[in-house]
Amino acid sequence: MDSTRISLRPFKISDTDDFFKWASDDKVTQYLRWPTITSRNEALTYIQQVAIPHPWRHSICMDDICIGYVSLKPESGNDQHRAHVSYALSAEYWGLGIATIALKMAIAMVFEKFSYLVRIEALVEEENKGSQRVLEKVGFRKEGLLRKYGYNKGDIRDMIMYSF
């Protein structure tokens, strides 16, 4: 994969159709806490009300076309030294190293923007082996299994904690 084709940028309204293409895929949203997007109007609303106002949610782009997202959300108050990361990528780009490239870029950008951060955490469902491999390639360390920790799409699930 030519990493020069990959970039991160804030979401734009004009991303709606590209976002809808992958956010409407149950394979992509399976492990995300938000539901699969079912219409172009839902995609537009999500971009306007969630992605754009988010403290740091960027579109993963290939040749400036939205193919996924990476999000880092710093905690507040006494926990502002840490942030949570999440990401997703269009299934057609899985296995090409794009998520790894994007996550490395995001971490560098976030540590620069939020200089008070000392820790980035990722929670991954135990069966999501692909995401675990991405985190490990980026340099995240597996800290342990949290039993019955996360609630997603109607089920309470075991989660693995990673940190950077």
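This is a predicted model: local features need pLDDT of at least 70, side-chain atom pairs count only at pLDDT 80 or more; totals for chains, interfaces and linings use all residues.
Where in the structure does K27 sit, and in which helix is its place?

1. **K27 and its surroundings.** The place of K27 is in helix α2, which covers residues 26–29. Leaving aside residues up to four places away in sequence, K27 touches A91 and W94. There is also a spacing to look at with S90: K27 and S90 are 63 residues apart along the chain, and their C-alpha atoms are separated by 8.9 Å.

2. **The annotated span.** UniProt, in an unreviewed entry, lists residues 6–164 under "domain: N-acetyltransferase". In the model, that span is 31% helix and 36% strand.

3. Seven strands form an open sheet with mixed pairing, and their order is β1-β2-β3-β4-β5-β7-β6. The edges are taken by β1 (6–10) and β6 (141–152); each has a single partner strand, so one side of each is left without a neighbour in the sheet. On average, and with direction ignored, neighbouring strands of this sheet are turned by 30° against each other. As a reminder, strands of a sheet pair through backbone hydrogen bonds, and the sense can be parallel or antiparallel.

4. **Following the pairings.** If you trace the sheet from β1, you meet strand β2 (residues 57–62), and the two pair in the antiparallel sense over five bridges. Within that pairing, I6 has M62 in β2 as its bridge partner. Further along, β3 and β4 run antiparallel and are joined by seven bridges. Here Y69 stands opposite A88 in β4. The next pairing has a parallel sense: three bridges join β4 to β5. R82 has R119 in β5 as its bridge partner.

5. **Helices on the sheet.** Which strands does helix α4 lie across? Helix α4 (residues 98–113) lies across β1, β2, β3 (65–74), β4 (82–89) and β5 (119–125), and runs at about 50° to β1. Helix α5 (residues 129–138) packs on the sheet as well, where it touches β4, β5 and β7 (155–163). The direction of α5 makes about 160° with that of β5.

6. **Where α4 meets α5.** These two helices also pack against each other, at an angle of about 50° and with their axes 9 Å apart. That angle makes α4 oblique to α5. The crossing of α4 and α5 is right-handed. On the α4 side you can pick out A99, T100, L103, K104 and I107, which meet V134, L135, K137 and V138 in α5. The residues of this contact divide into six nonpolar, one polar and two charged.

7. **Where α1 meets α3.** How do helix α1 and helix α3 cross? The axes of α1 (residues 16–23) and α3 (residues 40–51) come within 9 Å, and the crossing is at roughly 110°. Angles of 65 to 115 degrees count as roughly perpendicular, and α1 and α3 are therefore roughly perpendicular to each other. From α1, the residues T16, D17, F19 and F20 meet R40, A43, L44, Y46 and I47 in α3. By class, the contact of α1 with α3 has six nonpolar, one polar and two charged residues.

How values were computed. Residues are numbered from 1 along each chain as its sequence is written. Side-chain values use heavy atoms; hydrogens and water are left out. Two strands pair if DSSP finds at least two bridges between them. Helices (H or I, at least four residues) and strands (E, at least two) are DSSP runs, numbered from the N terminus. Axes are lines fitted to C-alpha atoms, for helices over the stretch in contact, and angles run from 0 to 180 degrees between N-to-C directions. Contact means heavy atoms within 4.5 Å. UniProt positions are given in the numbering used here, feature names are shortened, and annotations may be inferred rather than shown by experiment. Angles under 35 degrees count as roughly parallel, over 145 as roughly antiparallel, 65 to 115 as roughly perpendicular and the rest as oblique. A crossing is left-handed if the near helix is turned anticlockwise from the far one by less than a right angle, and right-handed if clockwise. Ala, Val, Leu, Ile, Met, Phe, Trp, Tyr, Cys and Pro count as nonpolar, Asp, Glu, Lys and Arg as charged, and the others, Gly among them, as polar.
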